[in-house]
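Please study the sequence and the model before reading each solution.

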Amino acid sequence: MAFRFVPASDGSLLVSLGDAISIDIHRHVAALVRDLATDPVPGVLNIHPAYCSILIVFDPLAAGHERVQAAVSERLHRLDHAPPPEPRTIELPVCYGGEYGPDLEALAGERGLAPERVVALHSGADYLAYFIGFVPGFAY
């Protein structure tokens, strides 16, 4: 697995695990996040996963880029042998049409579908959330 480190500020380090959105890279991101959460690196304050990277925020008075990078690099080399994290299924309640979905009829009309078919297609799929992002509660 190819990875690179980029200092993002005096108290953060960006760990890039690739340049594309893929399930394989996602599994490595998830495994590294799990490893960092269960066995924290001293001085690390927060970890922020994304599609193919993790931003690690640390206290610059307690740890430097080099120390954090060395600890993370060691863990990255172990990832190929680590089992993938168990996925979780979360069901989200959804309201369609009416007051809570006034665009349902327009969408169905644009696609030449009955509103019930649009609901069935949308609610019948499983969606993979790579991370929770910038809009509170909005998964990417």
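**Exercise 1.** With which residue does aspartate 39 form a salt bridge, and how far apart are the closest N and O atoms?

*Solution.* The model is predicted: local features need pLDDT of at least 70, side-chain atom pairs count only at pLDDT 80 or more, and totals for chains, interfaces and linings use all residues. Residues are numbered from 1 along each chain as its sequence is written, and side-chain values use heavy atoms, with hydrogens and water left out.

Step 1. A salt bridge is defined as a side-chain nitrogen of Lys or Arg within 4 Å of a carboxyl oxygen of Asp or Glu.

Step 2. The partner of aspartate 39 is arginine 75, with 3.7 Å between the closest N and O atoms.

Step 3. Helices (H or I, at least four residues) and strands (E, at least two) are DSSP runs, numbered from the N terminus.

Step 4. Salt bridges with shared partners join Asp35, Asp39, Glu74, Arg75 and Arg78 into one network.

**Exercise 2.** Classify aspartate 39 and arginine 75: is each buried, partly exposed or exposed?

*Solution.* Step 1. The classes rest on relative accessible area: buried is under 20%, exposed is over 50%, and partly exposed lies in between (1.4 Å probe, protein chains only).

Step 1. Aspartate 39, at 43%, is partly exposed.

Step 2. Arginine 75 has a relative accessibility of 7% and counts as buried.

**Exercise 3.** Describe the salt bridge between arginine 78 and aspartate 35.

*Solution.* Step 1. The two side chains meet at 3.1 Å, N to O.

Step 1. This pair links distant parts of the chain, since arginine 78 belongs to helix H2 (residues 65-78) and aspartate 35 to helix H1, 43 residues apart.

Step 2. Arginine 78 is partly exposed at 37%, whereas aspartate 35 is buried at 18%.

**Exercise 4.** Where do aspartate 24 and arginine 27 lie?

*Solution.* Step 1. Both residues are in helix H1 (residues 23-38), 3 residues apart, which is about one turn of the helix.

Step 1. Aspartate 24 and arginine 27 form a salt bridge, their closest N and O atoms being 3.7 Å apart.

Step 2. Aspartate 24 is exposed at 52%, and arginine 27 is partly exposed at 44%.

Step 3. In total, the structure holds 6 salt bridges.
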